[in-house]
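Subject: Structure handover

Hi,

Here is the structure I promised to pass on. Please open it beside this email and follow along.

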Amino acid sequence: MSNRAARRVRLLLGTVLAGVLPVLAALLAGAPTAQAAQLTEVTGFGANPSNNRMHLYVPDRVQQRAPVLLALHYCTGTGPAFYSGSEFARLADQYGFIVIYPSANRDGNCWDVSSPQALRRDGGSDPVGLKSMIDYVHRNYSTDPDRVFVTGASSGGMMTNVMLGNYPDVFAAGASFMGVPFGCFATTDGSSWNSQCAQGQRDLTPQQWGDMVRAAYPGYSGARPRMQIWHGTNDDTLRYPNFQEQIDQWTDVHGLSQTPSATDSPQSGWTRTRYGGTGTMAPVEAISLQGVGHSLPQSGQALRAIQFFGLDQPGDTSGGTSTGTTNGGTSTGTTNGGTSTGTTNGGTSTGTTNGGTTGGDPGQGCRVGYSTNTWNTGLVANITLTNTGSSTVSGWSLAFTLPGGQSITSGWNAHYSPNSGAVTATNAAWNATIAPGGSVTIGFQATHTGNSGNPASFTLNGTACTVS
(Lines give C-alpha, C1' and ligand atoms only; values in the text may rest on other atoms or scores of the structure.)
Protein backbone atom coordinates (compact mmCIF):
# COMPACT_ATOMS: atom_id res chain seq x y z
CA MET A 1 0.00 0.00 0.00
CA SER A 2 1.37 3.47 -0.85
CA ASN A 3 2.14 5.98 1.92
CA ARG A 4 -0.71 8.15 0.69
CA ALA A 5 -3.18 5.26 0.84
CA ALA A 6 -1.90 4.26 4.26
CA ARG A 7 -2.53 7.77 5.56
CA ARG A 8 -6.08 7.61 4.24
CA VAL A 9 -6.72 4.29 5.96
CA ARG A 10 -5.34 5.65 9.25
CA LEU A 11 -7.64 8.66 8.90
CA LEU A 12 -10.60 6.34 8.38
CA LEU A 13 -9.64 4.27 11.43
CA GLY A 14 -9.40 7.32 13.67
CA THR A 15 -12.76 8.62 12.50
CA VAL A 16 -14.45 5.26 12.95
CA LEU A 17 -13.04 4.85 16.45
CA ALA A 18 -14.21 8.33 17.42
CA GLY A 19 -17.74 7.55 16.27
CA VAL A 20 -18.07 3.91 17.26
CA LEU A 21 -16.35 3.60 20.63
CA PRO A 22 -18.75 5.93 22.52
CA VAL A 23 -21.66 3.91 21.15
CA LEU A 24 -20.03 0.65 22.20
CA ALA A 25 -19.39 2.01 25.68
CA ALA A 26 -23.04 3.03 26.02
CA LEU A 27 -24.21 -0.36 24.89
CA LEU A 28 -21.87 -2.19 27.25
CA ALA A 29 -23.02 -0.06 30.19
CA GLY A 30 -26.55 -1.38 29.73
CA ALA A 31 -25.61 -4.90 28.69
CA PRO A 32 -27.48 -7.77 30.33
CA THR A 33 -25.82 -10.32 32.57
CA ALA A 34 -23.81 -12.82 30.56
CA GLN A 35 -25.52 -16.04 29.61
CA ALA A 36 -24.06 -19.49 30.15
CA ALA A 37 -23.38 -19.66 26.42
CA GLN A 38 -19.98 -18.25 25.50
CA LEU A 39 -18.22 -16.89 22.45
CA THR A 40 -15.89 -19.63 21.19
CA GLU A 41 -13.07 -19.47 18.67
CA VAL A 42 -13.20 -22.02 15.82
CA THR A 43 -10.13 -23.03 13.82
CA GLY A 44 -9.75 -25.25 10.76
CA PHE A 45 -13.19 -24.31 9.43
CA GLY A 46 -12.25 -24.55 5.73
CA ALA A 47 -10.76 -22.50 2.90
CA ASN A 48 -9.51 -19.22 4.35
CA PRO A 49 -7.24 -17.31 1.92
CA SER A 50 -6.84 -14.26 4.20
CA ASN A 51 -6.27 -16.21 7.44
CA ASN A 52 -9.26 -14.56 9.08
CA ARG A 53 -10.36 -15.71 12.52
CA MET A 54 -13.77 -17.12 13.41
CA HIS A 55 -15.66 -16.82 16.69
CA LEU A 56 -19.04 -18.49 17.15
CA TYR A 57 -21.92 -17.76 19.51
CA VAL A 58 -24.45 -20.56 20.01
CA PRO A 59 -27.15 -19.71 22.59
CA ASP A 60 -28.14 -22.26 25.20
CA ARG A 61 -31.50 -22.62 23.46
CA VAL A 62 -31.67 -22.51 19.69
CA GLN A 63 -34.42 -23.26 17.22
CA GLN A 64 -34.56 -26.87 16.09
CA ARG A 65 -33.30 -25.77 12.66
CA ALA A 66 -31.38 -22.71 13.72
CA PRO A 67 -31.05 -19.60 11.55
CA VAL A 68 -27.49 -18.29 11.11
CA LEU A 69 -26.32 -14.66 11.21
CA LEU A 70 -22.91 -13.51 9.95
CA ALA A 71 -22.04 -10.32 11.91
CA LEU A 72 -19.17 -8.24 10.46
CA HIS A 73 -17.18 -5.67 12.43
CA TYR A 74 -15.97 -2.19 11.47
CA CYS A 75 -12.34 -1.18 10.67
CA THR A 76 -10.03 -1.60 13.71
CA GLY A 77 -12.57 -4.02 15.16
CA THR A 78 -12.61 -7.74 15.83
CA GLY A 79 -15.29 -10.38 16.06
CA PRO A 80 -15.17 -10.44 19.88
CA ALA A 81 -15.40 -6.62 19.97
CA PHE A 82 -18.48 -6.64 17.75
CA TYR A 83 -19.95 -9.43 19.92
CA SER A 84 -19.48 -7.32 23.06
CA GLY A 85 -20.41 -3.98 21.55
CA SER A 86 -23.57 -4.85 19.62
CA GLU A 87 -26.93 -6.35 20.53
CA PHE A 88 -26.94 -9.35 18.20
CA ALA A 89 -25.84 -11.93 20.80
CA ARG A 90 -28.55 -10.81 23.24
CA LEU A 91 -31.12 -11.08 20.46
CA ALA A 92 -29.76 -14.53 19.60
CA ASP A 93 -30.43 -15.57 23.21
CA GLN A 94 -33.98 -14.29 22.88
CA TYR A 95 -34.83 -15.75 19.46
CA GLY A 96 -32.63 -18.82 19.19
CA PHE A 97 -30.31 -18.18 16.23
CA ILE A 98 -26.56 -18.74 15.83
CA VAL A 99 -24.14 -15.83 15.26
CA ILE A 100 -20.75 -15.97 13.52
CA TYR A 101 -18.34 -13.18 14.50
CA PRO A 102 -15.35 -13.16 12.13
CA SER A 103 -12.18 -11.06 12.54
CA ALA A 104 -10.42 -9.50 9.55
CA ASN A 105 -6.68 -10.08 9.19
CA ARG A 106 -5.25 -7.16 7.25
CA ASP A 107 -4.03 -3.59 7.72
CA GLY A 108 -6.42 -1.80 10.06
CA ASN A 109 -8.65 -4.87 10.42
CA CYS A 110 -10.74 -3.67 7.47
CA TRP A 111 -12.50 -6.14 5.17
CA ASP A 112 -11.36 -6.49 1.57
CA VAL A 113 -14.15 -4.93 -0.49
CA SER A 114 -11.91 -3.47 -3.18
CA SER A 115 -9.79 -6.17 -4.85
CA PRO A 116 -10.91 -7.97 -8.02
CA GLN A 117 -10.65 -11.26 -6.11
CA ALA A 118 -13.10 -10.09 -3.45
CA LEU A 119 -15.69 -8.90 -5.95
CA ARG A 120 -16.42 -12.19 -7.66
CA ARG A 121 -17.85 -15.45 -6.40
CA ASP A 122 -15.15 -17.79 -5.04
CA GLY A 123 -12.51 -15.39 -6.36
CA GLY A 124 -10.43 -15.46 -3.21
CA SER A 125 -9.71 -13.09 -0.32
CA ASP A 126 -12.07 -12.47 2.60
CA PRO A 127 -15.42 -13.55 1.10
CA VAL A 128 -14.18 -17.12 0.56
CA GLY A 129 -13.20 -17.44 4.22
CA LEU A 130 -16.50 -15.97 5.40
CA LYS A 131 -18.42 -18.44 3.24
CA SER A 132 -16.34 -21.27 4.77
CA MET A 133 -17.43 -20.19 8.25
CA ILE A 134 -21.07 -20.50 7.24
CA ASP A 135 -20.42 -23.92 5.70
CA TYR A 136 -18.74 -25.02 8.94
CA VAL A 137 -21.82 -24.09 10.97
CA HIS A 138 -24.09 -25.99 8.57
CA ARG A 139 -21.88 -29.10 8.89
CA ASN A 140 -21.72 -29.07 12.66
CA TYR A 141 -25.12 -27.79 13.80
CA SER A 142 -28.75 -28.35 12.93
CA THR A 143 -29.39 -25.23 10.85
CA ASP A 144 -31.84 -23.95 8.28
CA PRO A 145 -29.93 -23.17 5.04
CA ASP A 146 -32.88 -21.05 3.88
CA ARG A 147 -32.42 -18.69 6.86
CA VAL A 148 -28.85 -17.38 6.60
CA PHE A 149 -28.34 -13.62 7.02
CA VAL A 150 -25.51 -11.08 7.08
CA THR A 151 -25.09 -7.71 8.74
CA GLY A 152 -22.23 -5.34 9.43
CA ALA A 153 -21.14 -1.82 10.33
CA SER A 154 -18.91 0.49 8.27
CA SER A 155 -16.37 -1.84 6.66
CA GLY A 156 -18.70 -4.65 7.73
CA GLY A 157 -21.62 -2.86 6.09
CA MET A 158 -19.57 -2.63 2.90
CA MET A 159 -18.79 -6.37 3.11
CA THR A 160 -22.49 -7.08 3.67
CA ASN A 161 -23.10 -5.72 0.16
CA VAL A 162 -20.24 -7.83 -1.20
CA MET A 163 -21.41 -11.08 0.39
CA LEU A 164 -24.95 -10.62 -0.95
CA GLY A 165 -23.55 -9.99 -4.41
CA ASN A 166 -21.11 -12.91 -4.42
CA TYR A 167 -23.39 -15.45 -2.74
CA PRO A 168 -27.05 -14.68 -3.50
CA ASP A 169 -27.87 -18.37 -3.15
CA VAL A 170 -26.51 -18.47 0.40
CA PHE A 171 -28.23 -15.49 2.04
CA ALA A 172 -31.92 -14.75 2.51
CA ALA A 173 -31.29 -11.09 3.44
CA GLY A 174 -28.74 -8.58 4.65
CA ALA A 175 -28.63 -5.35 6.67
CA SER A 176 -25.91 -2.82 5.86
CA PHE A 177 -25.14 -0.15 8.48
CA MET A 178 -23.26 2.89 7.03
CA GLY A 179 -21.89 0.93 4.07
CA VAL A 180 -21.44 1.55 0.34
CA PRO A 181 -22.74 -0.29 -2.74
CA PHE A 182 -21.21 -3.50 -4.03
CA GLY A 183 -18.19 -2.58 -6.19
CA CYS A 184 -18.11 1.07 -5.10
CA PHE A 185 -14.71 0.63 -3.40
CA ALA A 186 -13.21 -1.36 -6.29
CA THR A 187 -9.59 -0.54 -7.12
CA THR A 188 -7.05 -2.00 -9.54
CA ASP A 189 -3.80 -0.57 -8.11
CA GLY A 190 -3.62 -2.74 -5.01
CA SER A 191 -4.94 0.01 -2.76
CA SER A 192 -7.74 -0.78 -0.32
CA TRP A 193 -9.03 2.81 -0.27
CA ASN A 194 -11.29 4.52 -2.80
CA SER A 195 -11.63 8.24 -2.01
CA GLN A 196 -14.20 8.85 -4.72
CA CYS A 197 -16.56 6.28 -3.20
CA ALA A 198 -15.89 7.28 0.41
CA GLN A 199 -16.72 10.90 -0.44
CA GLY A 200 -19.98 9.87 -2.09
CA GLN A 201 -18.85 10.95 -5.54
CA ARG A 202 -19.64 7.75 -7.45
CA ASP A 203 -23.03 8.50 -9.00
CA LEU A 204 -24.03 5.68 -11.35
CA THR A 205 -27.35 4.62 -12.82
CA PRO A 206 -29.33 1.88 -11.06
CA GLN A 207 -28.57 -0.48 -13.94
CA GLN A 208 -24.83 0.21 -13.76
CA TRP A 209 -24.84 -0.56 -10.06
CA GLY A 210 -27.00 -3.63 -10.61
CA ASP A 211 -24.70 -4.89 -13.36
CA MET A 212 -21.81 -4.90 -10.89
CA VAL A 213 -23.75 -7.26 -8.62
CA ARG A 214 -24.81 -9.49 -11.51
CA ALA A 215 -21.21 -9.70 -12.77
CA ALA A 216 -20.09 -11.19 -9.45
CA TYR A 217 -21.92 -14.43 -10.23
CA PRO A 218 -22.43 -14.59 -14.01
CA GLY A 219 -25.37 -16.68 -15.16
CA TYR A 220 -27.13 -16.73 -11.80
CA SER A 221 -30.90 -16.46 -12.27
CA GLY A 222 -32.24 -17.46 -8.87
CA ALA A 223 -33.76 -15.44 -6.05
CA ARG A 224 -31.87 -12.41 -4.75
CA PRO A 225 -31.50 -11.61 -1.04
CA ARG A 226 -33.61 -8.87 0.47
CA MET A 227 -31.67 -5.79 1.59
CA GLN A 228 -31.97 -3.31 4.48
CA ILE A 229 -29.86 -0.12 4.27
CA TRP A 230 -29.01 2.27 7.14
CA HIS A 231 -27.14 5.60 6.91
CA GLY A 232 -26.81 8.85 8.85
CA THR A 233 -27.09 12.15 7.02
CA ASN A 234 -23.99 13.54 8.81
CA ASP A 235 -21.69 10.60 8.06
CA ASP A 236 -18.37 12.20 7.06
CA THR A 237 -16.41 8.93 6.71
CA LEU A 238 -18.55 7.08 4.17
CA ARG A 239 -20.68 9.98 3.07
CA TYR A 240 -24.45 10.03 2.87
CA PRO A 241 -24.83 9.90 -0.97
CA ASN A 242 -23.81 6.23 -0.70
CA PHE A 243 -27.20 5.64 0.91
CA GLN A 244 -29.12 6.44 -2.27
CA GLU A 245 -26.59 4.62 -4.45
CA GLN A 246 -27.21 1.43 -2.44
CA ILE A 247 -30.95 1.90 -2.87
CA ASP A 248 -30.45 2.30 -6.62
CA GLN A 249 -28.31 -0.84 -6.75
CA TRP A 250 -30.52 -3.22 -4.84
CA THR A 251 -33.82 -2.07 -6.31
CA ASP A 252 -32.32 -2.67 -9.75
CA VAL A 253 -31.04 -6.10 -8.70
CA HIS A 254 -34.60 -6.96 -7.62
CA GLY A 255 -36.13 -5.48 -10.77
CA LEU A 256 -37.96 -2.79 -8.77
CA SER A 257 -38.78 0.85 -9.34
CA GLN A 258 -36.73 3.40 -7.41
CA THR A 259 -40.03 4.99 -6.33
CA PRO A 260 -40.90 3.81 -2.79
CA SER A 261 -43.94 1.64 -2.22
CA ALA A 262 -44.23 3.14 1.28
CA THR A 263 -42.63 5.96 3.27
CA ASP A 264 -42.94 6.54 7.01
CA SER A 265 -41.11 7.73 10.12
CA PRO A 266 -40.97 4.91 12.68
CA GLN A 267 -38.98 7.11 15.07
CA SER A 268 -38.21 10.82 15.37
CA GLY A 269 -35.53 11.78 12.86
CA TRP A 270 -35.90 8.57 10.86
CA THR A 271 -37.22 8.32 7.33
CA ARG A 272 -37.96 4.77 6.20
CA THR A 273 -38.70 3.87 2.59
CA ARG A 274 -39.73 0.45 1.32
CA TYR A 275 -39.48 -0.81 -2.24
CA GLY A 276 -41.44 -3.64 -3.82
CA GLY A 277 -43.63 -4.08 -0.76
CA THR A 278 -45.06 -2.25 2.24
CA GLY A 279 -44.57 -4.78 5.03
CA THR A 280 -41.77 -5.52 7.48
CA MET A 281 -40.06 -7.85 5.01
CA ALA A 282 -40.15 -5.81 1.79
CA PRO A 283 -37.49 -6.72 -0.80
CA VAL A 284 -35.59 -3.47 -0.11
CA GLU A 285 -35.89 -1.23 2.95
CA ALA A 286 -33.87 1.92 3.63
CA ILE A 287 -33.65 3.98 6.84
CA SER A 288 -32.16 7.49 6.78
CA LEU A 289 -31.22 9.00 10.15
CA GLN A 290 -31.24 12.78 10.31
CA GLY A 291 -28.19 14.36 11.95
CA VAL A 292 -26.48 11.03 12.72
CA GLY A 293 -22.81 10.49 11.88
CA HIS A 294 -20.64 7.43 11.42
CA SER A 295 -21.84 5.62 14.54
CA LEU A 296 -24.23 2.80 13.65
CA PRO A 297 -25.82 0.53 14.74
CA GLN A 298 -27.05 2.40 17.78
CA SER A 299 -29.13 0.89 20.57
CA GLY A 300 -32.34 -0.75 19.35
CA GLN A 301 -31.42 -0.70 15.67
CA ALA A 302 -30.15 -4.29 15.70
CA LEU A 303 -33.67 -5.38 16.64
CA ARG A 304 -35.02 -3.60 13.55
CA ALA A 305 -32.61 -5.62 11.43
CA ILE A 306 -33.67 -8.84 13.17
CA GLN A 307 -37.32 -8.00 12.47
CA PHE A 308 -36.50 -7.33 8.81
CA PHE A 309 -34.87 -10.78 8.65
CA GLY A 310 -37.91 -12.38 10.31
CA LEU A 311 -35.76 -13.65 13.18
CA ASP A 312 -38.06 -12.11 15.79
CA GLN A 313 -40.28 -15.14 15.22
CA PRO A 314 -38.98 -17.30 18.09
CA GLY A 315 -39.57 -20.73 16.54
CA ASP A 316 -39.23 -23.89 18.61
CA THR A 317 -36.27 -23.63 21.01
CA SER A 318 -37.41 -26.38 23.36
CA GLY A 319 -36.05 -29.38 21.48
CA GLY A 320 -38.73 -31.41 23.28
CA THR A 321 -42.40 -32.26 22.95
CA SER A 322 -45.69 -30.52 23.57
CA THR A 323 -49.07 -31.83 24.63
CA GLY A 324 -52.57 -30.40 24.49
CA THR A 325 -56.28 -31.05 24.05
CA THR A 326 -58.34 -29.86 21.08
CA ASN A 327 -62.14 -30.27 20.91
CA GLY A 328 -62.11 -33.27 23.18
CA GLY A 329 -59.12 -34.93 21.52
CA THR A 330 -55.44 -35.06 22.46
CA SER A 331 -52.24 -34.44 20.61
CA THR A 332 -48.60 -35.03 21.47
CA GLY A 333 -45.27 -34.49 19.77
CA THR A 334 -43.29 -31.81 18.03
CA THR A 335 -43.64 -29.93 14.78
CA ASN A 336 -40.97 -29.62 12.06
CA GLY A 337 -39.06 -32.85 12.32
CA GLY A 338 -41.03 -34.32 15.23
CA THR A 339 -44.07 -36.59 15.29
CA SER A 340 -47.60 -35.75 16.31
CA THR A 341 -50.74 -37.85 16.51
CA GLY A 342 -54.14 -37.12 17.93
CA THR A 343 -57.90 -37.27 17.76
CA THR A 344 -60.03 -34.30 16.74
CA ASN A 345 -63.84 -34.25 16.65
CA GLY A 346 -63.90 -37.99 17.23
CA GLY A 347 -61.63 -38.87 14.29
CA THR A 348 -57.94 -39.57 13.90
CA SER A 349 -55.70 -38.40 11.07
CA THR A 350 -51.99 -38.31 10.37
CA GLY A 351 -49.84 -36.64 7.74
CA THR A 352 -46.35 -35.41 7.08
CA THR A 353 -45.15 -31.82 7.28
CA ASN A 354 -41.50 -30.70 7.02
CA GLY A 355 -40.19 -34.18 7.71
CA GLY A 356 -42.50 -34.91 10.64
CA THR A 357 -46.03 -36.18 11.12
CA THR A 358 -48.96 -34.07 12.13
CA GLY A 359 -52.41 -34.96 13.25
CA GLY A 360 -55.78 -33.31 13.69
CA ASP A 361 -57.96 -31.32 11.31
CA PRO A 362 -56.30 -27.90 10.86
CA GLY A 363 -58.58 -26.84 7.98
CA GLN A 364 -61.77 -25.98 9.83
CA GLY A 365 -61.73 -22.37 8.70
CA CYS A 366 -59.37 -19.86 7.08
CA ARG A 367 -59.25 -16.40 5.57
CA VAL A 368 -56.72 -15.02 3.09
CA GLY A 369 -55.83 -11.37 2.59
CA TYR A 370 -53.96 -10.82 -0.68
CA SER A 371 -52.45 -7.54 -1.86
CA THR A 372 -49.93 -6.67 -4.57
CA ASN A 373 -47.61 -3.91 -5.65
CA THR A 374 -47.06 -4.08 -9.41
CA TRP A 375 -44.88 -2.49 -12.08
CA ASN A 376 -44.23 -3.05 -15.79
CA THR A 377 -43.08 -6.68 -15.71
CA GLY A 378 -43.10 -7.56 -12.02
CA LEU A 379 -45.07 -7.64 -8.80
CA VAL A 380 -44.74 -8.31 -5.10
CA ALA A 381 -47.57 -10.17 -3.36
CA ASN A 382 -48.22 -10.04 0.38
CA ILE A 383 -50.46 -12.76 1.80
CA THR A 384 -52.01 -12.86 5.27
CA LEU A 385 -53.33 -16.29 6.23
CA THR A 386 -55.70 -16.32 9.23
CA ASN A 387 -56.96 -19.38 11.09
CA THR A 388 -60.69 -18.71 11.60
CA GLY A 389 -61.38 -22.16 13.06
CA SER A 390 -61.39 -23.33 16.66
CA SER A 391 -58.45 -25.75 16.32
CA THR A 392 -54.75 -24.96 16.12
CA VAL A 393 -53.18 -25.46 12.69
CA SER A 394 -50.00 -27.52 13.06
CA GLY A 395 -48.31 -27.61 9.68
CA TRP A 396 -49.99 -25.97 6.70
CA SER A 397 -50.08 -25.86 2.91
CA LEU A 398 -51.77 -23.01 1.09
CA ALA A 399 -52.72 -23.81 -2.51
CA PHE A 400 -53.61 -21.29 -5.20
CA THR A 401 -53.27 -20.84 -8.96
CA LEU A 402 -51.34 -17.91 -10.37
CA PRO A 403 -52.79 -16.17 -13.44
CA GLY A 404 -51.11 -17.08 -16.72
CA GLY A 405 -47.76 -15.42 -17.32
CA GLN A 406 -46.89 -14.96 -13.64
CA SER A 407 -43.78 -16.72 -12.30
CA ILE A 408 -42.38 -16.54 -8.76
CA THR A 409 -38.72 -15.49 -8.58
CA SER A 410 -38.29 -15.33 -4.79
CA GLY A 411 -40.37 -15.70 -1.67
CA TRP A 412 -40.26 -15.30 2.10
CA ASN A 413 -41.77 -17.01 5.17
CA ALA A 414 -42.86 -20.05 3.08
CA HIS A 415 -41.58 -22.54 0.52
CA TYR A 416 -43.21 -22.19 -2.92
CA SER A 417 -43.52 -24.96 -5.51
CA PRO A 418 -43.75 -24.85 -8.47
CA ASN A 419 -42.96 -21.28 -9.58
CA SER A 420 -46.06 -20.86 -11.78
CA GLY A 421 -49.49 -22.35 -12.40
CA ALA A 422 -50.95 -24.30 -9.48
CA VAL A 423 -48.66 -23.25 -6.61
CA THR A 424 -48.45 -24.65 -3.08
CA ALA A 425 -46.91 -22.54 -0.30
CA THR A 426 -45.84 -24.66 2.68
CA ASN A 427 -44.91 -23.38 6.10
CA ALA A 428 -41.38 -22.46 7.13
CA ALA A 429 -39.86 -24.01 10.24
CA TRP A 430 -40.75 -21.04 12.45
CA ASN A 431 -44.42 -20.45 11.47
CA ALA A 432 -45.87 -23.96 11.18
CA THR A 433 -48.38 -23.39 14.00
CA ILE A 434 -51.32 -20.98 13.72
CA ALA A 435 -53.49 -20.64 16.82
CA PRO A 436 -57.24 -20.05 16.48
CA GLY A 437 -57.65 -16.42 15.45
CA GLY A 438 -53.92 -16.18 14.68
CA SER A 439 -52.30 -15.20 11.40
CA VAL A 440 -49.07 -15.62 9.46
CA THR A 441 -47.83 -13.29 6.77
CA ILE A 442 -45.97 -14.62 3.73
CA GLY A 443 -45.12 -13.20 0.35
CA PHE A 444 -43.27 -13.50 -2.92
CA GLN A 445 -41.88 -11.54 -5.83
CA ALA A 446 -42.89 -12.56 -9.35
CA THR A 447 -42.56 -11.56 -12.98
CA HIS A 448 -45.56 -11.24 -15.28
CA THR A 449 -46.24 -10.80 -18.97
CA GLY A 450 -49.09 -8.33 -18.62
CA ASN A 451 -51.57 -10.02 -16.29
CA SER A 452 -50.83 -8.88 -12.73
CA GLY A 453 -54.14 -10.12 -11.33
CA ASN A 454 -54.76 -12.10 -8.15
CA PRO A 455 -55.46 -15.82 -7.74
CA ALA A 456 -59.18 -16.55 -7.75
CA SER A 457 -59.23 -18.88 -4.73
CA PHE A 458 -57.15 -20.42 -1.95
CA THR A 459 -57.29 -23.68 0.00
CA LEU A 460 -55.59 -24.39 3.32
CA ASN A 461 -54.77 -28.07 3.78
CA GLY A 462 -57.54 -28.87 1.28
CA THR A 463 -60.20 -26.60 2.82
CA ALA A 464 -61.43 -23.54 0.87
CA CYS A 465 -60.64 -20.17 2.44
CA THR A 466 -62.61 -16.96 2.28
CA VAL A 467 -60.77 -14.10 0.55
CA SER A 468 -60.79 -10.61 2.08
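Which residue in β18 is the bridge partner of T372? It is A381. Before you look further, note that this is a predicted model.

**The sheet**

β17 covers residues 366-374, and β18 covers residues 378-387. They pair in the antiparallel sense, over nine bridges. In general, strands of a sheet pair through backbone hydrogen bonds, either parallel or antiparallel.

β17 and β18 belong to an open sheet of five strands. Read across, the order is β21-β25-β18-β17-β28, and the pairing is mixed. At the edges sit β21 (407-412) and β28 (466-467), each of which pairs on one side only.

**The chain as a whole**

Next, the overall counts. The protein chain has nine helices and 28 strands. It has 468 residues, and 53% of them are buried. Now take the contacts with a separation of 6 or more: 69% of them join residues 24 or more positions apart.

**The cores**

The largest nonpolar core holds 54 residues. Within it, M54, L70, I100, F171 and F185 have the most contacts. Helix α4 (residues 125-140) gives the largest share of this core, with six residues. There is also a second, separate core of 32 residues, including Y101, A173, W270 and V292.

What does F185 touch, leaving aside its neighbours within four places in sequence? Its contacts are V113, S114, M158, V180, S192, W193, N194, C197, A198 and L238.

**Two helix pairs**

Start with α7 (residues 206-216) and α8 (residues 241-253). Their axes come within 7 Å and cross at roughly 65°. Angles of 65 to 115 degrees count as roughly perpendicular, so α7 and α8 are roughly perpendicular to each other. Their crossing is right-handed. On the α7 side, the contact is made by P206, Q207, W209, G210, M212, V213 and R214. On the α8 side, E245, D248, Q249, W250, D252 and V253 take part.

Now go back to α4. Its axis and that of α5 (residues 155-166) come within 11 Å. The two cross at roughly 75°, and α4 and α5 are therefore roughly perpendicular to each other. Here D126, P127, L130 and K131 of α4 meet M159, V162, M163 and N166 of α5.

Best wishes

Conventions. Residues numbered from 1 in each chain as written. Predicted model: local features only at pLDDT ≥ 70, side-chain atom pairs only at ≥ 80, totals over all residues. Heavy atoms only, no water. Pairing = 2+ DSSP bridges. Helix = DSSP H or I, 4+ residues; strand = E, 2+ residues; numbered from the N terminus. Core = buried A, V, L, I, M, F, W, Y, C linked by side-chain atoms within 4.5 Å. Buried < 20%, exposed > 50% of the residue type's maximum accessible area, 1.4 Å probe, protein only. Contact = heavy atoms within 4.5 Å. Axes fitted to C-alpha atoms, helices over the stretch in contact; angles between N-to-C directions. Parallel < 35°, antiparallel > 145°, perpendicular 65-115°, else oblique. Left-handed = near helix turned anticlockwise from the far one by under 90°.
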